[in-house]
Amino acid sequence: MRKLFILFFWCFSLVSNAQGELHFVKTLPINDVQYSMVSNECQLQVVPTTSEYLKLEVSVYSNTSDYIIKQLFRVGRYNITINDGKIEFNRLKSDVFIKGKQLNEDIVVKIHAPIGVEVLLNVNELLN
């Protein structure tokens, strides 16, 4: 009986940890032939497509609840911008703390690029 209670509390402690997920898609018009995305904050993958748009599928996994992740999305934390062919999350550089605990995020970006459009991933300029 004691082992059953220990197993029950152990399972409850695993389930009680909040883990949030958020998935969204952003479609962008094509203005250039070459794009780049330099990111240490997320995992990147390129998929060729026959579409006429650049489509970004973004999945965010975190150590907090779905509600908080959706609120962060609404205030623009996961806003994607394109400047001179460079695709970037412009607000991910700042750390977020919730009740004194740092927000941990795992971000996966799948880039659907039309055939003929080149997407460079994690290419940094050479340092002198």
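Reader: Start with a pairing. In β9, which residue is the bridge partner of S62?

Author: E105 is the bridge partner of S62 there. Keep in mind that this is a predicted model.

Reader: Noted. How many bridges join β4 to β9, and do they run parallel or antiparallel?

Author: Eight bridges join them, and the two strands run antiparallel.

Reader: And β3 with β9, what sense is that pairing?

Author: Parallel, over eight bridges. In that pairing V47 stands opposite H112 in β9. T49 has P114 of β9 as its bridge partner.

Reader: Zoom out. What is the strand order in the sheet?

Author: The order is β1-β4-β9-β3, four strands in an open sheet with mixed pairing. β1 (20-29) and β3 (42-49) are the edge strands. Each has a single partner strand, so one side of each is left without a neighbour in the sheet.

Reader: What does the twist average?

Author: 15 degrees from one strand to the next.

Reader: Which helix packs on the sheet, and which strands does it touch?

Author: Helix α2, residues 66-74, packs on the sheet. α2 touches β1 and β4 (53-62), and its direction makes about 25 degrees with that of β1.

Reader: Back to β9. Enclosed or open to the outside?

Author: Largely enclosed by the rest of the structure, because seven of its 10 residues are buried. The cut-off for buried is under 20%.

Reader: E105 again. Which side chain does it meet in a salt bridge?

Author: The side chain of R77, at 2.9 Å from N to O. R77 is in the loop between α2 and β5, while E105 is in strand β9. They are 28 residues apart, so the pair links distant parts of the chain.

Reader: Is R77 buried or exposed?

Author: Buried, with a relative accessible area of 7%.

Reader: How many salt bridges does a search of the whole structure find?

Author: One. That is the R77 and E105 pair.

Reader: D84: buried or exposed?

Author: Exposed, because its relative accessibility is 85% and the cut-off for exposed is over 50%.

Reader: What is the phi of K99?

Author: Positive, about 55 degrees, although K99 is not a glycine. K99 is in the loop between β7 (97-98) and β8 (101-102). K99 counts as exposed, with 86% relative accessibility.

Reader: Now the whole chain. How many helices and strands?

Author: Two helices and 10 strands. Along the sequence the pattern reads α-β-β-β-β-α-β-β-β-β-β-β.

Reader: What share of the residues count as buried?

Author: 30% of the 128 residues. The chain exposes about 9,200 Å², with carbon and sulfur atoms supplying 54% of that area.

Reader: Last one, contacts. Of those between residues at least 6 apart in sequence, what share join residues at least 24 apart?

Author: 81% of them.

Methods
Residues are numbered from 1 along each chain as its sequence is written. This is a predicted model: local features need pLDDT of at least 70, side-chain atom pairs count only at pLDDT 80 or more; totals for chains, interfaces and linings use all residues. Side-chain values use heavy atoms; hydrogens and water are left out. Two strands pair if DSSP finds at least two bridges between them. Axes are lines fitted to C-alpha atoms, for helices over the stretch in contact, and angles run from 0 to 180 degrees between N-to-C directions. Contact means heavy atoms within 4.5 Å. Buried means under 20% relative accessible area, exposed over 50%, partly exposed in between (1.4 Å probe, protein chains only). Accessible areas come from the Shrake-Rupley method with a 1.4 Å probe; for residues, only the protein chains shown count as cover. A salt bridge is a side-chain nitrogen of Lys or Arg within 4 Å of a carboxyl oxygen of Asp or Glu.
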